[in-house]
Amino acid sequence: MQIRKKIFILAETVLAVMVIILALIMIGDNRGESLGRVSVIVRNPDDNRWSAFKHGLKMAAQDYNIDLMVVSTGDMQKAEDERRIMEHEIKKGADALIVEPLPRVGTNEMLEELSGKTPIMLIGQGMSESGKTEKFPVTEPKQYKMGEVLANEILKDNNRDMTGKTIGVVSETTDSESAAQRIEGLRTFLEASGGKVKWSVSGDFGEVDDDFLGEQPQVDIIAAMDDNSMTMVGKSMSENDFPKAQVYGIGNSSEAIYYLDSDVAECLVVPDEFNLGYQSLTEVAECLKHSSHQLKSQEISYQTIRAGELFSKKNQQILFTVSQ
């Protein structure tokens, strides 16, 4: 019996050592040569709205062994600024770029020129008013559908009859294809049900007074079409004495979630920004692994959240990524 026991212990020890060796080999493989260097260029990358996006990027960078650089850009306003940053990153050795394109005339031509030298994945939105995006790969949700979904939530709360109801639309820009598609999806369904868009405003809301809504005619419903617009509307509604209006928005930051939780907003459509980062970098990784691979557009999901179900089990994952 003693001999059998010793043999059993010896076998267990050998097995344990083999497991440790295998684990060390796997760790060594994961620490092998980097697949490449990818630079990410977005406006105001330290803004809270990019938290989930950057978390997704980091997870993909770990999974695919990529050197990731989120470039400090500040608030880019001109296509020339974006071009200068992109060219600088390429000169520094970036093997690929992930870029939030500025909705400005000339961006199309600039991307067409630079993408011939370095793979470029766009994120979040399509091209400017000067062109379409079909020839540029982009990772984004279905923009028109998100506008339609937001309209449907408004219709639910108004017995699907918008007769006599007035709507104000707030958007950071109307120049980008994504913004235009969201607004078109919203207006098509609300106006078909009898609603009337009384006003539509756009701009850099970081540069305007908090009471900018007070300058607009009173409406029954306010629709904020992006995260910056949603947070600005939420701030204006909570800090100023405006006539009460129902607020609905598209947003993904903790600030946007806060205004939902504090009953300023009725509903949020939340794009999956974690997968915006993860899927865009994963597709770029495939391009770096296989030189023949052509970058393809990627579609991310979104979900609808209401205040009463904010902390339900189905929303825990998206709340977790927003808080990263």
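1. A crossing of two helices is right-handed if the near helix is turned clockwise from the far one by less than a right angle, and left-handed if it is turned anticlockwise. By that rule, helices H2 and H9 cross in a right-handed way. Keep in mind throughout that this is a predicted model.

2. Start with the overall picture. The chain has 324 residues, and 48% of them are buried. There are 10 helices and 12 strands. Take the contacts between residues at least 6 apart in sequence: 71% of these join residues at least 24 apart.

3. Now the H2 and H9 pair in detail. H2 covers residues 51-64 and H9 covers residues 273-289. Their axes lie 6 Å apart, at an angle of about 35°. The H2 side of the contact includes Phe53, His55, Leu57, Met59 and Tyr64. Among the H9 residues that meet H2 are Phe274, Leu276, Tyr278, Leu281 and Glu286. By class, this contact has 12 nonpolar, 5 polar and 3 charged residues.

4. H5 (residues 143-156) packs on H6 (residues 177-192) at an angle of about 35°, with the axes 7 Å apart. The crossing of H5 and H6 is right-handed. From H5, the contact takes in residues including Tyr144, Met146, Leu150, Ile154 and Leu155. H6 contributes Arg182, Leu186, Phe189 and Leu190, among others. The contact of H5 with H6 divides into 9 nonpolar, 6 polar and 3 charged residues.

5. Which residues have the most contacts inside the largest nonpolar core? They are Val170, Leu213, Ile222, Met230, Val233 and Met237, in a core of 28 residues. Several elements give two or more residues to this core: strands E7 (196-202), E8 (221-224) and E10 (267-271), with helices H7 (227-239), H8 (254-261) and H10 (316-322).

6. Methionine 237 lies in helix H7. Is methionine 237 buried or exposed? Its relative accessibility is 14%, so methionine 237 counts as buried, the cut-off being under 20%. Leaving out residues up to four places away in sequence, methionine 237 touches Leu213, Ile222, Phe242, Pro243, Ala245, Val247 and Val264.

7. At 22% relative accessible area, asparagine 228 is partly exposed. Leaving out residues up to four places away in sequence, asparagine 228 touches Arg49 and Glu172. The C-alpha atoms of asparagine 228 and serine 253 are separated by 8.9 Å, and the two are 25 residues apart along the chain.

8. Arginine 43 deserves a check. Arginine 43 is in the loop between strand E1 (37-41) and H2. Why does arginine 43 count as buried? Because its relative accessible area is 11%, and buried means under 20%. Leaving aside neighbours within four places in sequence, arginine 43 is in contact with Arg49, Trp50, Thr73, Gly74, Asp75, Met76, Glu100, Leu102 and Pro103.

9. Next, two backbone points. Most residues other than glycine have a negative phi. Arginine 160 has a positive phi of about 60° although it is not a glycine. Arginine 160 is in the loop between H5 and strand E6 (166-171). With a relative accessible area of 47%, arginine 160 is partly exposed. Aspartate 263 also has a positive phi, near 65°, and is not a glycine. Aspartate 263 is in the loop between H8 and E10. Its relative accessible area is 54%, so aspartate 263 counts as exposed, the cut-off being over 50%.

10. Last, the cysteines. How many disulfides does a search of the whole structure find? The search finds 0. Cysteine 267 is buried, at 0% relative accessibility. Cysteine 287 is buried too, with a relative accessible area of 13%.

Conventions: Residues numbered from 1 in each chain as written. Predicted model: local features only at pLDDT ≥ 70, side-chain atom pairs only at ≥ 80, totals over all residues. Heavy atoms only, no water. Axes fitted to C-alpha atoms, helices over the stretch in contact; angles between N-to-C directions. Helix = DSSP H or I, 4+ residues; strand = E, 2+ residues; numbered from the N terminus. Contact = heavy atoms within 4.5 Å. Nonpolar A, V, L, I, M, F, W, Y, C, P; charged D, E, K, R; others polar. Disulfide = S-S within 2.5 Å. Buried < 20%, exposed > 50% of the residue type's maximum accessible area, 1.4 Å probe, protein only. Core = buried A, V, L, I, M, F, W, Y, C linked by side-chain atoms within 4.5 Å.
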